[in-house]
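Here is a short briefing.

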Amino acid sequence: MPKNFLEIDNVTFAASAKSKVNNVSLTIENEGDIVCLLGPSGIGKTTILRTIAGLEKIQSGIISLKNKVISSKDVHVEPENRNISLAFQDNSLFPHYNVLENIQFGAERNKKKKKDLTIKEVIEFLHLDHVKEKFPHQISSGEAQRAALARALLSKPDLLLLDEPLSNVDQSFKEEIQVKLKQVLTDLKITTIIVTHDSYEAFYLGSKCGIILDSQLKQFDDPYNVYHFPNSVEVVNFLNRGILIPAKVTGENSLESDDLGTINGNFTKRYPKGSDVQLLLQPEDLEHDDQSNLKLEVVDRKFRGTNFIYTLKTSSDLLIPVFVHSHHMHQHEIDEKFGIKRPINIDHIVCF
Amino acid sequence: MLYWTIIFPKHLADLNLVELFSNTIILVLLSSIVLIGFAFISNYGNRLSRSKFLEILTTFSISGYAIPGIILAVAFITFISWFDNSIMNLFEIRNVKSIFIGSILGLVVVYFIRFFSLASNGLKSGYLKINYSIDESAYLLGYSKFKTFKNIHIPYLKNTIMLIGILIAIEIIKELPITLIMRPFNFETFATQAYIYASQDLLEAAAAPSLFLILIASFFILITSRYILKD
């Protein structure tokens with residue numbers, strides 16, 4: 001018998017031929033863990049949540065929750081008997097009840113189960129006080145999404161599934177809600193799977209992240225590892241946080257790039273000397289140095305608040321992103337030259 | 001009609017208003033309950049099973065509205081005479097002449113065939129407004145299929161139900177051929193009473209039941225328009 005809190009063993013999730021994720025194996029070891037699933041739209045992330053919730057049946061594999069099989073080829077526990085809550089991305093509030101009554105529906109479930117979270121607290125932290133007497137058609141999609149989240153949280157489920165929970169929420173309090181949501185989920189030990197397309201949200205909320213691409217769970221790991229040690233070119237391309245440049249391995253800790261020269265660091269995998277590789281270069285891997293003789297042309301500059309991301313063009317027309325702290329006094333305009341500190345040292349070298 | 005009712009008050013006094021009214025209302029209530037009940041079974045069944053077969057069956061079952069009432073009543077009597085005899089022989093019922101013919105039960109059955117489309121289509125359009133994710137949300141809050149129906153669908157559809165009930169009521173109180181052929185002996189409604197007088201050329205006497213029929217129907221139409229606005 002499985003000993004993990006949730007175990008998905010070799011399950012193919014399919015709502016249609018298009019929306020299909022094959023042979024997924026994934027475990028949530030402990031109660032209270034938060035897992036985020038990332039992937040492009042229409043890949044089947046919602047189908048995974050719907051299947052775990054029991055709204056779709058499976059043809060192969062096994063899903064077990066708290067050591068009990070809830071879905072397999074022969075077993076299908078009905079959604080109402082799973083004690084799993086799912087907050088849909090779209091408005092799924094009961095249209096003939098106001099926001100407060102909708103939230104109370106959640107609180108009605110598992111009334112006897114002790115969880116220190118009151119309706120008032122949830123309404124407060126999700127900023128729903130001003131709409132609690134309104135009906136679903138009278139509120140915005142972001143407010144409806146938060147109301148659905150409140151209802152799901154209060155239902156005290158064994159497993160909480162959130163489908164893009166904050167996708168319609170205003171940027172002004174999105175971060176605040178993320179912080180409080182994480183705090184509540186952690187304090188109450190509510191095991192959660194969150195589907196999102198926002199990688200920052202996933203990296204912040206999840207203790208583990210799964211990347212779904214090409215109908216497969218490509219990587220399931222700590223957010224740090226997913227970002228810094230992507231296991232495939234597809235994951236790199238999906239996260240879009242760096243580029244791959246051609247290089248030649250010149251030693252145990254070094255490689256040579258036609259555009260950037262010698263690069264030193266620790267390889268995450270061993271490659272034979274002389275082999276041609278694709279080096280993952282992330283914005284924070286290169287350092288800016290006005291005095292450097294390695295100068296590249298600025299083709300774009302994105303201001304991100306705390307930093308700038310410069311896009312630089314190399315001699316072979318590669319576009320390289322470089323992170324610069326926004327307090328850096330010397331700002332470079334488009335077409336200007338931008339110095340890169342040499343020698344280039346990268347803490348961990350990821351190659352494919 | 002108002003003029004005749006006023007200048008011939010004797011005809012109005014001769015009418016057994018309480019009996020006519022209660023007979024009409026009994027038919028309306030019974031039929032509405034049966035029709036709406038079965039419409040719920042069929043629509044919610046379709047919603048749960050999403051079965052093509054059930055959908056085709058429902059489409060077939062609503063075709064009764066296209067058949068004229070008198071043809072439906074005659075066809076029903078022909079079929080039911082055989083069916084009635086078979087049932088009574090099977091269960092050896094000797095003290096009843098007929099179960100369906102000349103009984104309120106038979107009348108309600110024919111109303112059902114005739115007006116099921118009203119109830120079913122009305123409810124279908126009501127259900128179209130309830131997204132499937134609403135049902136799924138209820139299941140995920142621990143509600144069974146029945147509890148979802150009782151606590152989510154019924155409150156949401158209450159205006160639609162009222163509207164369907166009123167439409168059925170209006171149809172039934174003015175329905176003549178079926179009521180005339182299928183009704184129990186001495187069981188009169190405003191519509192049959194008006195017909196009986198009119199067929200005997202007693203137009204002045206037919207005025208009062210006709211007027212009541214119009215008043216009741218108008219009352220229902222007024223409520224209907226209120227519910228349409230509300231919905």
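Domain bounds here come from an automatic or database domain assignment. On that basis, chain A splits into domain 1 (6–235) and domain 2 (242–349). The model is a predicted one.

**Domains of chain A**

- The C-alpha centres of domain 1 and domain 2 of chain A are 38 Å apart.
- Six residues from domain 1 of chain A and seven residues from domain 2 of chain A make the contact.
- Together, domain 1 and domain 2 of chain A bury about 520 Å². Carbon and sulfur atoms account for 57% of that area.
- On the domain 1 side of chain A, 71% of the area buried against domain 2 comes from A:Y227, A:H228 and A:F229.

**Helix packing in chain B**

- Helix α3 (residues 17–49) and helix α7 (residues 132–140) of chain B have axes that come within 12 Å. Those axes cross at roughly 80°.
- Angles of 65 to 115 degrees count as roughly perpendicular, so α3(B) is roughly perpendicular to α7(B).
- From α3(B), the contact takes B:Y44, B:R47 and B:L48. From α7(B), it takes B:Y132, B:D135 and B:Y139.
- By class, the residues of the contact of α3(B) with α7(B) are four nonpolar, no polar and two charged.

Key:
Residues numbered from 1 in each chain as written. Chains lettered and ligands numbered in written order. Predicted model: local features only at pLDDT ≥ 70, side-chain atom pairs only at ≥ 80, totals over all residues. Heavy atoms only, no water. Axes fitted to C-alpha atoms, helices over the stretch in contact; angles between N-to-C directions. Helix = DSSP H or I, 4+ residues; strand = E, 2+ residues; numbered from the N terminus. Parallel < 35°, antiparallel > 145°, perpendicular 65-115°, else oblique. Contact = heavy atoms within 4.5 Å. Nonpolar A, V, L, I, M, F, W, Y, C, P; charged D, E, K, R; others polar. Buried area = accessible area lost by both parts, 1.4 Å probe.
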